[in-house]
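Subject: Structure handover

Hello,

Please find the structure below, with notes on what was found in it after that.

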Amino acid sequence: MEKAAAVLENDDLKLRLGLPGTDEPEQQSSSSQVKNNKRSCAEMEIGSCQTGQEQESGAPATKAQVVGWPPVRSYRKNVLQQKRPESETGSGMFVKVSMDGAPYLRKIDLKFYKNYFDLLKALENMFKCTIGVYSEREGYNGSEYAPTYEDKDGDWMLVGDVPWEMFITSCKRLRIMKGSEARGLGCL
Amino acid sequence: MAYSFPEEVLEHVFSFLSSDKDRNAVSLVCKSWYEIERWSRRRIFIGNCYAVSPEIMIRRFPEVRAVEIKGKPHFADFNLVPEGWGAYVRPWIRAMSAAYPFLEEIKLKRMVVTDECLELIARSFKNFEVLVLSSCDGFTTAGLASIAANCRNLRELDLGESEVEDLSGHWLSHFPDNCTSLVSLNMSCLGSEVSFSALERLVARCPNLRTLRLNRAVPLEKLSNLLHHAPQLVELGTGAYSAEIRSDIFSSLAEAFSVCKQLKGLSGLWDVVPAYLPAVYSVCSGITSLNLSYATIQSPDLVKLVSQCQNLQRLWVLDYIEDTGLEALAASCKDLEELRVFPSDPFGAEPNVSLTEQGLVSVSEGCPRLQSVLYFCRQMSNAALITIARNRPKMIRFRLCIIDPQAPDHLTHEPLDTGFGAIVENCKELRRLSMTGLLTDRVFEYIGTHAKKLEMLSIAFAGNSDLGLHHVLSGCESLRKLEIRDCPFGDEALLANAAKLETMRSLWMSSCSVTFGACKLLGRRMPSLNVEVMDERGPPDSRPESCPVEKLYVYRTVAGRRVDMTGFVWTMDEDAATARL
């Protein structure tokens, strides 16, 4: 301990480089001794310092290569990864749409629409049909067609009952039913 | 001969001293005070489990009732400490099971706890009341079953964010029917579903239950049942906050929340379906702590909720809140003291949300009591940091993480030295600082000059030379914990400031430029320090002395060398060459 204290006294205003007790003049930092590629930052210009293992190439290191960076606890990382992907990516929520009597199905991106009104208008255009107006009591009674959807539990639900955001996260596919069949759904 | 009080009087006086600092000061007065104090100390805090041994603790303090011990260094949270490094609680539990039969509380952080330890706790301490395992690992739900079954007076069981091997949810059913003492239960880190009826009965029969943090598997539809049994709850962690929307579920949930008039803290909130958030609106005005850091919902929904919580003091949230949401927060929550913003997509190359330095600036402007910040973002500027520093001179904790660790000021492309310099210069009470961004030795000069109250400093990918480290070690008078990764700091500053290390709890340096030779020198010179080298490449003496070590962990200790190290940890001391067990 005394030795260390003596070194501090000898230092004056300048940090002496080299092991304490030696008299070497100040020189470039100790990183010249370093063989390891990871730590040549001091020798590189500020501003061009790169992280990660591939410093020589000058290519930006991918974050994944740096262990423990960014400093997010694995507990938190795991939880985020378990999220359902559709709300995370911008790639859309495509669901199949079938219509009774139509020869083939279509696909639409639910993210494209802001509300039920837009969705139903789009469906009416796509299938050249009339779906009409939703009411809580009557469903789509009186319309030629009624839009239904299959939810996460596999149940067939009437489109319009739940708030829009809830709908788009739980809707797996759409089916436009003939009005006569849909009567059962509307009258509850 | 000095007049002195009878022992009983002194003991009574000392019983009013709760802080360790006060008690330590008292024990230095004279021998008899030392003796009286040590027999009357009931609570022990051990910041580093290797700084002292169980035997030393027991020898000095024979009548302890509560022990808190911390193990692995902080960077273990980010996988920088190799598996098997240490921090085993077993020797502590074994020693205490013999010496402290009346032990009531055990709190552990970052320690390895086995089922055997839990069973030993359950068997040995008849009055056991409080078990807190924060970021621990090594045990399974079978160990929890022992605790539940045998601790008759259990008040608190808090598993924190521990990594538990989850065999089943059956452990909860081990609480006996006559257990009514629970005040706090935190099982949020567990994956398996517990028996809901067992949980419901447990909650119903514990009238003093104040804190209940459920795990994700508890369904939202059943939450109202639990709330009805515990309207006195002060802190609630929900399970997954999603369900098929049904008006009956919604209304019973809303009604259940409305009865919880004491609720101050809300957390959990995994998988939030925004349509269900209004169910909590009735309690928002009382909420002081809100953890939305698992709520993957967009800014408008976050804002709708947060702006109802006018008494909010603490908010943890994902960066989905964006700058606009933080502006709204600043406008509504004038009592805010702590803000943590976590990244929703930490590994993405491009930003996925519009959250910049501006959000933090808004909060620093609008929230006069803001004192604790953890902020993940993708860009920062000196101007923003200077503004934040000037706005909030009472800042105590400031942790900034820019996803690109060497990002410069995005406006001027300069290093962020002046920004962080402003932080330490203005915030004279700053106790904790984490920095990222492009930083030169200059920032360390500012820190050494101004950060006199700084106790913990975390540095990554910063600095140019040993001068940086020297500024910190020689200037920061209150420094207790220093953790450094990927900085060009080497031998000189470390050796020149060796004495400083005895005044600190610990120093961590990984991927720096400290050589094996310097580590050996430090270990030989400073017998009161354990100088541990971790190197998965093999024994450091199989490489030249000038070769830098992978990881270095230095801490002061009165317990001597560790004896429980695995194959990649070496202690440097007098016989440094063959240092490992």
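At the start of helix α13 of chain B, a side-chain oxygen of Thr356(B) comes to within 3.0 Å of the backbone nitrogen of Gln358(B). This is a predicted model, in which local features need pLDDT of at least 70 and side-chain atom pairs count only at pLDDT 80 or more, while totals for chains, interfaces and linings use all residues. Residues are numbered from 1 along each chain as its sequence is written, chains are lettered from A and ligands numbered from 1 in the order written, and side-chain values use heavy atoms, leaving out hydrogens and water.

Helix α13(B) spans residues 357-366 and is mostly covered, with eight of its ten residues buried (under 20% relative accessible area, 1.4 Å probe, protein chains only). Among the buried ones are Leu360(B), Val361(B) and Val363(B). The cover over the buried residues includes α12, β14, β15, α14 and β16 of chain B. Helices (H or I, at least four residues) and strands (E, at least two) are DSSP runs, numbered from the N terminus.

The other part concerns strand β12(B), residues 289-292. Ser289(B) and Asn291(B) point one way from the strand, Leu290(B) and Leu292(B) the other way, and all are buried. Strand β12(B) pairs with β11(B) in the parallel sense over two bridges (pairing takes at least two DSSP bridges); here Ser289(B) is the bridge partner of Gly265(B). Four bridges join β12(B) to β13(B), also parallel, and Leu290(B) has Leu315(B) as its partner there.

Regards

Note on methods:
Buried means under 20% relative accessible area, exposed over 50%, partly exposed in between (1.4 Å probe, protein chains only). Contact means heavy atoms within 4.5 Å. A polar contact is a pair of N or O atoms within 3.5 Å; within protein, one must be able to donate a hydrogen and the other to accept it, and residues adjacent in sequence count only if both atoms are side-chain atoms.
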